[in-house]
Amino acid sequence: MEIRAAGIAAGTAAELVWLLEHPPLYTAGTSANPADVIEGRFPVHASGRGGQLTYHGPGQRVAYVMLDLRRRGPDVRRFVATLEEWIIRSLAAFNVRAERREDRIGVWVRRHEKGGGYEDKIAAIGIRVKQWVTLHGMALNVDPDLSHFSGIVPCGVSEQRYGVTSLADLGIRAPMAEVDKILQREFAQLFGQITDQTVGKTENAPASTRSTRSVSVPSR
């Protein structure tokens, strides 16, 4: 990802979106608190993105979005808001009403059946911008093992009324290929077509050293 982003910044590589599944692991953003690792059941990788701790694993669609904001408009907040809108529109295709929150990171679903004020996160966002090229992106819970989130305080949110959910947890059995089709369609509506998109699985590589000329931004 670092190599590709550098190529995009230099004008020698095209923009790229990776749609991936990781093996079970935790990633730590630049604001992560080590005390939020409750049980070290999986490896913890320093990611260099904004935000705190989150879980990645099978059944979760991770999207790494590498776009050139110099060409698209150097507005990081607008980019993050558009990522949120991408997730919200994609979930709407499955009849899930998801929403952003001003005081909490990620995309959320109201859980009225659990009680007043209960909400669960269905997608996390954390990015980094280096030389006006975006890195990292979002993670959407399709059908992961939600118990794996219990080893950490996800994104530093510890209030009992805020949990995690997935499409499967909401009673929606969506094949990953169908999720990818919707994500690709809604991405094109918001960001336009890009020539390179890669879908697959990957082992998480060691994080590269964070550049002093980069910024890391969690979602709002």
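These are my notebook entries on a predicted model.

**Helix 4**

I started with the span of helix 4, residues 176-191. At 1.5 Å a residue, its 16 residues should span 22 Å. I found the end C-alpha atoms 21 Å apart, which agrees.

Next I asked which residues of helix 4 are buried. I listed Met176, Val179, Asp180, Ile182, Leu183, Glu186, Phe187 and Phe191. Seen down the helix axis, these buried residues fall within an arc of 165°, so they line one face of helix 4.

**Nonpolar cores**

I turned to the largest nonpolar core, which has 37 residues. Val65, Phe79, Trp86, Leu91, Leu140 and Leu167 touch the most other members. I checked where the core residues come from. Elements that each supply at least two include strand 1 (16-21), strand 5 (60-66), strand 8 (119-130) and helix 4. Helix 3 gives the most, with 8 residues.

I picked out phenylalanine 79 for its contacts. Leaving aside residues up to four places away in sequence, phenylalanine 79 touches Val65, Leu67, Leu69, Ile127, Thr134 and Phe191.

**Strands 2 and 4**

I looked up how strand 2 (residues 25-28) meets strand 4. The two run antiparallel and are joined by 4 bridges. Leucine 25 has histidine 56 of strand 4 as its bridge partner.

I then followed the side chains of strand 4 (residues 53-56). Leu53 and Tyr55 point one way, Thr54 and His56 the other, and all are buried.

**Aromatic pairs**

I counted 10 aromatic pairs. Tyrosine 26 and tyrosine 55 form an edge-to-face pair, 5.9 Å centre to centre with 65° between the planes. This pair links strand 2 to strand 4, with the two residues 29 apart in the chain. Is tyrosine 26 buried or exposed? At 0% relative accessibility, tyrosine 26 counts as buried. Tyrosine 55 also has 0% and counts as buried.

I also noted tryptophan 108 with tyrosine 162, an edge-to-face pair at 5.6 Å centre to centre and 70° between the planes. Tryptophan 108 sits in strand 7 and tyrosine 162 in strand 10, 54 residues apart. Both are buried.

Last, I recorded one aromatic cluster formed by Tyr26, Phe42, Tyr55 and Phe149.

Note on methods. Residues are numbered from 1 along each chain as its sequence is written. This is a predicted model: local features need pLDDT of at least 70, side-chain atom pairs count only at pLDDT 80 or more; totals for chains, interfaces and linings use all residues. Side-chain values use heavy atoms; hydrogens and water are left out. The expected span of a helix is 1.5 Å times one less than its number of residues. Buried means under 20% relative accessible area, exposed over 50%, partly exposed in between (1.4 Å probe, protein chains only). The arc is that of the directions from the helix axis to the C-beta atoms. A nonpolar core is a set of buried Ala, Val, Leu, Ile, Met, Phe, Trp, Tyr and Cys residues joined through side-chain atoms within 4.5 Å. Contact means heavy atoms within 4.5 Å. Two strands pair if DSSP finds at least two bridges between them. Rings of Phe, Tyr and Trp (its six-membered ring) pair if their centres lie within 6.5 Å; planes under 30 degrees apart count as stacked, over 60 as edge-to-face and the rest as tilted.
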